[in-house]
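Thank you all for coming. I would like to take a few minutes to walk through one structure with you.

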Amino acid sequence: LFELPITMSHFVDEPQRTGSSSLPRKLTAVGTVGEQNQLFTVYEKNWNCPDCGQENYPSRPRCFRCKKSKPEGLNNIVMDAAYEAHQAGKVNPWQEVVDPSSFQIYYFNKETNVTQWERPAEMGAAPVATGWFGRGQVGSNASQKYSDLNAKFLSRPARKQKDFVDPKKYHTEGANEYNLWYGRYMGDMNDKADREPAADRCVLEKDAGYTKADQGNAQQKGRRFFCIHFAHGMCAKGADCIFHHRIPLPEDDRQCDELFDIFGRSRHSKHKDDMSGVGSFMKPCRTLFVGNLLKSQYRTPKELEEALWRHFGEWGELESLNVIHRLSIAFPRYRLRTSAEFAKEAMTNQKLDSNEVLSIRWAHDDPNPIAKEAIEKADKDAVLNLLQTKGVSVAPQAFEYPPEYQVPETKRLRLEDGGEVLEEYPELSYPNTDVQYATAGGSSAGAAGASQEEIDRLSAMSAEEYKTYYENYYAQQSALNRLGLLTGASAAEGASSGDHGSKKRSHAETESGP
């Protein structure tokens with residue numbers, strides 16, 4: 001079940017200086033393309049130097065060994081079915097659809113009206129970074145396997161993982177005072193725990209089973225949480241536990257509140273500084289950071305990747321697994337947030353096939369420009385899809401400028417370095433609205449009637465000069481108003497103000513008598 005195929009990592013690793021020309025990663029993501037609701041990743045194969053035969057990553061413009069330039073016109077793009085259809089302009093009947101109630105993505109075929117949870121092979125590999133919305137691994141049927149496995153577990157009672165739990169060896173969360181600022185309980189010694197291997201481990205094949213939570217008692221109370229002690233391999237209640245003793249499925253993720261994790265703990269608005277803890281509801285994360293890998297204990301890089309797929313794939317559907325061999329770290333990304341939360345607790349301080357003590361944290365945003373572009377496109381695509389699902393039109397609306405609109409002259413504002421503002425920031429330009437305020441005689445009261453020298457003088461004025469200019473202007477308008485010399489709307493406004501004052505005086509005289 002858990003020996004899933006290795007997907008292509010997009011991290012840039014340096015070749016190993018061991019005399020071997022073979023690289024641990026054969027394909028590299030170079031972009032995210034596709035129409036709306038049909039985004040996929042384009043991969044490129046490594047290139048071999050024609051002089052020395054050294055294998056190089058696509059991002060390297062020169063050979064790592066002999067510094068020979070990359071051959072011009074070399075095209076190592078992987079021509080899969082999705083990319084070939086995109087290049088030929090063919091219409092793909094499959095598209096992504098966002099469920100508005102659960103915010104989960106599934107797939108729909110417009111020709112056959114078939115819907116499915118698994119990502120079809122015709123759509124190609126999902127964006128290399130999927131942002132807030134999980135899309136699954138292309139061509140994988142792991143979700144159905146997890147569902148069948150859970151059905152098997154629920155046919156038997158959950159096993160007691162321990163007969164007795166020594167309270168001196170384990171910290172009972174909530175037993176001490178809680179610090180709202182740091183988001184942790186007093187007495188938490190995470191740094192010390194990270195250096196010690198876990199005493200227990202959850203083994204689904206023999207530990208998982210039904211509990212009181214699956215018999216309706218906990219569901220009637222509105223609780224669908226999972227047992228954190230079961231994830232740690234140390235629950236002493238077994239079938240009598242009021243929490244689930246199995247792995248989360250899509251329906252569990254659908255009913256999990258964003259303010260709580262899968263174990264019922266309150267999530268925070270921000271991640272901790274060390275990226276540990278329960279996570280953030282303002283910045284949900286489905287990717288884990290895995291450190292302290294012992295790559296020297298594995299014969300080949302592929303053997304290490306297979307071990308990571310097997311151990312982390314036990315807790316839920318993996319979208320991708322990116323390994324940086326030169327740093328001995330990995331980034332498994334799950335399709336569901338709840339799967340990542342369960343895996344984080346289940347694998348903390350555990351080992352793979354060697355004697356490592358894994359350090360598990362929430363992962364930071366990927367700094368790779370290709371990944372940033374993929375996240376931006378994937379999130380935008382999903383949000384537009386969600387708006388369409390709710391009946392909101394996302395078609396761009398045509399906008400026509402008024403017939404009298406004129407493109408304004410470049411304003412003479414300058415930056416500190418002497419450059420023109422609008423040359424570097426053209427979006428700051430604004431339309432000329434003088435024509436909208438022209439008087440009946442056709443003259444403009446604004447800058448349209450001003451000379452070029454006046455415009456230059458106003459553009460060169462400092463802040464203090466502007467302040468003095470407008471103070472004098474408003475003082476002049478006030479004096480003209482008192483003298484009754486304003487015309488048009490201003491005169492009408494002044495007359496209206498005078499009438500209003502007269503009414504107030506008459507009303508006052510009436511109240512006070514003759």
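I will begin with confidence, then turn to the sheet, the aromatic rings and one annotated stretch.

What you see is a predicted model, in which local features need pLDDT of at least 70 and side-chain atom pairs count only at pLDDT 80 or more, whereas totals for chains, interfaces and linings use all residues. Residues are numbered from 1 along each chain as its sequence is written, and side-chain values use heavy atoms, with hydrogens and water left out.

The mean pLDDT, which is the predictor's confidence in each residue from 0 to 100, is 78 for the protein, and 66% of its residues reach 70 or more. Over residues 438-448 the pLDDT is below 50, and beyond near neighbours in sequence this stretch has 9 contacts in the model, a contact being heavy atoms within 4.5 Å. Where pLDDT is low, the predicted coordinates should not be read in detail.

Now the sheet, where strands are DSSP runs of E with at least two residues, helices are runs of H or I with at least four, both numbered from the N terminus, and two strands pair if DSSP finds at least two bridges between them. Three strands form an open antiparallel sheet in the order β5-β6-β7. β5 (94-98) and β7 (115-116) stand at the edges with a single partner strand each, so one side of each has no neighbour in the sheet. Between β5 and β6 (residues 105-109) there are 5 bridges, and Q95 stands opposite F108 in β6.

As for charges over rings (NZ of Lys or CZ of Arg within 6 Å of the ring centre and within 35 degrees of the ring normal), R335 sits over W117 at 3.7 Å from its centre, and R25 lies over the face of Y57 at 4.1 Å.

Finally, an unreviewed UniProt entry lists residues 43-72 as "domain: RanBP2-type", with positions in the numbering used here, feature names shortened, and annotations that may be inferred rather than shown by experiment. Those residues are 0% helix and 23% strand in the model.
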